[in-house]
Protein chains: 2
Amino acid sequence: MKMSATLAADQEFERRRLAGEQVLFLATGEIGLPVLPELRERLIAAAGRNAYGPVAGSAELRLAAAGYWSRRGLPTDPADVVCGPGTKPLLFALMLAVGGDVVVPVPTWVSYAAQAQLAGLQSIPVRTRPGEGGVPDPTELRRRVLNARAKGGNPRSVVVTLPDNPTGTIAKPETVRELAEVARELDLVIISDEIYCDLAYAPTVSPATYAPERTVVTTGLTKNLAVGGWRLGIARLPTDELRTRLIGIASQVWSSTTAPVQAAAAYALAEPPEVIERVTASRRLHERVVREVATVFTAIGAELAPVQATCYLYPDFEPLRGQLGVNSSDELTQLLSTRYGVALLPGTAFGEPQRSLRIRAATSRLYGETDAERSAALIAPDPLTLPWISASIDRLTEVLTHLTNTKESNVHRHLRS
Amino acid sequence: MKMSATLAADQEFERRRLAGEQVLFLATGEIGLPVLPELRERLIAAAGRNAYGPVAGSAELRLAAAGYWSRRGLPTDPADVVCGPGTKPLLFALMLAVGGDVVVPVPTWVSYAAQAQLAGLQSIPVRTRPGEGGVPDPTELRRRVLNARAKGGNPRSVVVTLPDNPTGTIAKPETVRELAEVARELDLVIISDEIYCDLAYAPTVSPATYAPERTVVTTGLTKNLAVGGWRLGIARLPTDELRTRLIGIASQVWSSTTAPVQAAAAYALAEPPEVIERVTASRRLHERVVREVATVFTAIGAELAPVQATCYLYPDFEPLRGQLGVNSSDELTQLLSTRYGVALLPGTAFGEPQRSLRIRAATSRLYGETDAERSAALIAPDPLTLPWISASIDRLTEVLTHLTNTKESNVHRHLRS
């Protein structure tokens, strides 16, 4: 089992940073923002909680999670909620609970296929439609599932990412509805990873809207409130049967979720004004920076679907292949790392073929080195005017123009407009 | 996948408690003691830590864990330590990492075989020697592994529990050495679950002493410091290869361990005086109460190996079969639960055959209902004199004498001696 590409990149970055190297780190989506003080206070207040508590999570947490989803158009009973130490273990346990082959989108988050493999399941990669990352093309999904079944395979679920990582796009409501219809026709469980649901700059519709009887939704506080290191995820289960199965697996694999973190999460998921304000500020910051960085990639001639969510971009350097002297996204990111100290992830980490020149950039670590800088970024009327953010974007511009021999003046014409 | 028997019992108890029932709860080993204040302070001080950090755990935590093991006769490099959200996920990931069939002791902790099943592996139950729970009888282990291999099976690992849950006993050093020799001869990885290592009342020797090249040791703070709900476990890996494989799986299944908890654990594993003092007090408390409860079972005529560790007893009601009117440990615990409100776990939960009348009792929830009572129990010169503890033991005595028609005076002659 290979190490998660994103976590490996995080550790490599930390190593280079400690070695005193200057690295422009755009490789992973860990959110470089401080903990909301009121959220930290809730963790502190619950520090004495040392009991396991229910496997599915405390009553208080499940109630808050039910409210969170209900306010987003997905009416939820607290009994339908299962909590875990991150959405990652929840997604893995869901694969074990559903069984059978798993359809995953391409491009795809780094861990779905690896998790399927660990669960002893086959994964079936199905490309997404252009500009609609995260949702396997429903037409192709149907064809591939029927084909697999004709050959004796047993596809039982399809994973979707809404909004999408790695592309920063959102599948259209029509596409999501089509997917839901195909899933119903073929009796597939939809596992909808909605960890970025609060970082969308355009409307998102969950497949649970169209196929509530078969859609599991997962999310957490890692992206909207920047507490990935606290490890908490929640799942919304469509049936008693699947929930019971998930809880059984959870009880054998992880017992329960860190109790003080559950208490803090219950507070956050109830969405008091200061939480809403913080999530709104984070979303604005991500949007402003990610759109600016998108402009840099577009200006040097990379192809890029308009960013609609998250802190990710997924440019394709195919139009620039001739002038780059590289044959793969691995070579391209290697070149950017060793020659320029710019860390990005190659498309191969997301299931792209070797030859593709797609790469993923994340802006979530550009907001500052210190809590003071990061807090300033959150409240800045225009974060792009902050010297540490503009310096990173200038450096990226310089690197990409040098790499592609673009005239820098051409690029600057696109920026700060 | 069935729910963990212990966690199911915890939840059932909570349900009955909330419904106002009086239940004498001896079913599970959640440690009913408060968090050491200095440990809680460390969690509080680290509440702002929100980054994932390394998959294997922070450098600080791994250094402390290495010291912890080194002080126990197992020299450890921090690089050999991998942290996870509990020893449960670590044990599961280790099974995935090693692969092949897994030999488990009988009686056995409730989750080993379930985890093997989830990992798609066969488990091979091998009985322990009388009075030496947790270590499959090495002679029988050898026979069964050779037999399995002759039939095309692929046993690759053996799990041991030292000290043992459910029996509260400790395998003799000679038995552990024999096991290590058989494991070496047959090239098996030894997975040594030592979560109770600080709650031993007799010497314990880890198989890592005899077979350091093939023994993984796991432990955590759940039992010695009563923070099961915080979710942190550590593993000590014997080879780079297995460690790399474990970290790869961890990166795909859980990413990292709650960062503020890691900080608190680093403090605890460094074992400053107040931590040693607390662990010592807990051990004394468990020992005093568990030995007294053992006497109750012995007095009514159940068979019981001398308790040497943990808060568990594993009495066998076989000598009393005639007067009980039950045919299985399930019926026996059912009877005790419904007629008397005493919650215990049947031997079937630990891999015993249906007909066996072995049951497991845990004393870890007898120390009080409130933090004040529990703190008083920790410092009491004789905890048996505390009214809430003596009331529980009196009630158990009353129930067992009634159940078995023993003269209560006979029982009392054995007690408080």
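This is a short tour of a predicted model, stop by stop.

**Stop 1: the interface**

Select chain A and chain B together. In chain A, 53 residues are in contact with 53 residues of chain B. Between them the chains bury about 4,300 Å². Carbon and sulfur atoms carry 60% of that area.

How many salt bridges link chain A and chain B? The count is zero. Polar contacts are another matter. Across the interface, 35 residue pairs are in polar contact, with both residues at pLDDT 80 or more.

Next, colour the helices of chain A that touch chain B. Those giving two or more residues include H1 (5–18), H2 (37–45) and H4 (87–98). H5 (112–118), H9 (240–253) and H10 (259–269) of chain A are also among them. Which element gives the most to this side? H9(A) does, with six residues. By class, the chain A side has 29 nonpolar, 16 polar and eight charged residues.

**Stop 2: two crossing helices**

Move to chain B. Select helix H13 (residues 329–340) and helix H15 (residues 387–404) of chain B. Their axes come within 12 Å and cross at roughly 115°. The crossing of H13(B) past H15(B) is right-handed.

Show the side chains here. From H13(B) come B:Leu332, B:Leu335, B:Leu336 and B:Tyr340. They meet B:Arg395, B:Val399, B:Leu400, B:His402 and B:Leu403 in H15(B). This contact divides into seven nonpolar residues, one polar and one charged.

**Stop 3: a salt bridge inside a helix**

Over all chains, the whole structure holds 53 salt bridges. To see one, select A:Glu140 and A:Arg143. Their side chains meet in a salt bridge, 2.8 Å from N to O. Both residues sit in helix H6 (residues 138–150) of chain A. They are three residues apart, about one turn of the helix.

**Stop 4: loops of chain A**

Where does A:Pro107 lie? Look in the loop between strand S3 (101–106) and H5 of chain A. A cis peptide bond joins A:Val106 to A:Pro107, with omega about -5°.

Go on to A:Pro163, in the loop between strand S6 (155–161) and helix H7 (173–186) of chain A. A:Leu162 and A:Pro163 are joined by a cis peptide bond, with omega about -10°.

Finish at A:Ala226. This residue is in the loop between strand S8 (215–220) and strand S9 (233–236) of chain A.

Terms used:
Residues are numbered from 1 along each chain as its sequence is written. Chains are lettered from A and ligands numbered from 1 in the order in which they are written. This is a predicted model: local features need pLDDT of at least 70, side-chain atom pairs count only at pLDDT 80 or more; totals for chains, interfaces and linings use all residues. Side-chain values use heavy atoms; hydrogens and water are left out. Contact means heavy atoms within 4.5 Å. Buried area is the accessible area (1.4 Å probe) that two parts lose on being put together, summed over both. A salt bridge is a side-chain nitrogen of Lys or Arg within 4 Å of a carboxyl oxygen of Asp or Glu. A polar contact is a pair of N or O atoms within 3.5 Å; within protein, one must be able to donate a hydrogen and the other to accept it, and residues adjacent in sequence count only if both atoms are side-chain atoms. Helices (H or I, at least four residues) and strands (E, at least two) are DSSP runs, numbered from the N terminus. Ala, Val, Leu, Ile, Met, Phe, Trp, Tyr, Cys and Pro count as nonpolar, Asp, Glu, Lys and Arg as charged, and the others, Gly among them, as polar. Axes are lines fitted to C-alpha atoms, for helices over the stretch in contact, and angles run from 0 to 180 degrees between N-to-C directions. A crossing is left-handed if the near helix is turned anticlockwise from the far one by less than a right angle, and right-handed if clockwise.
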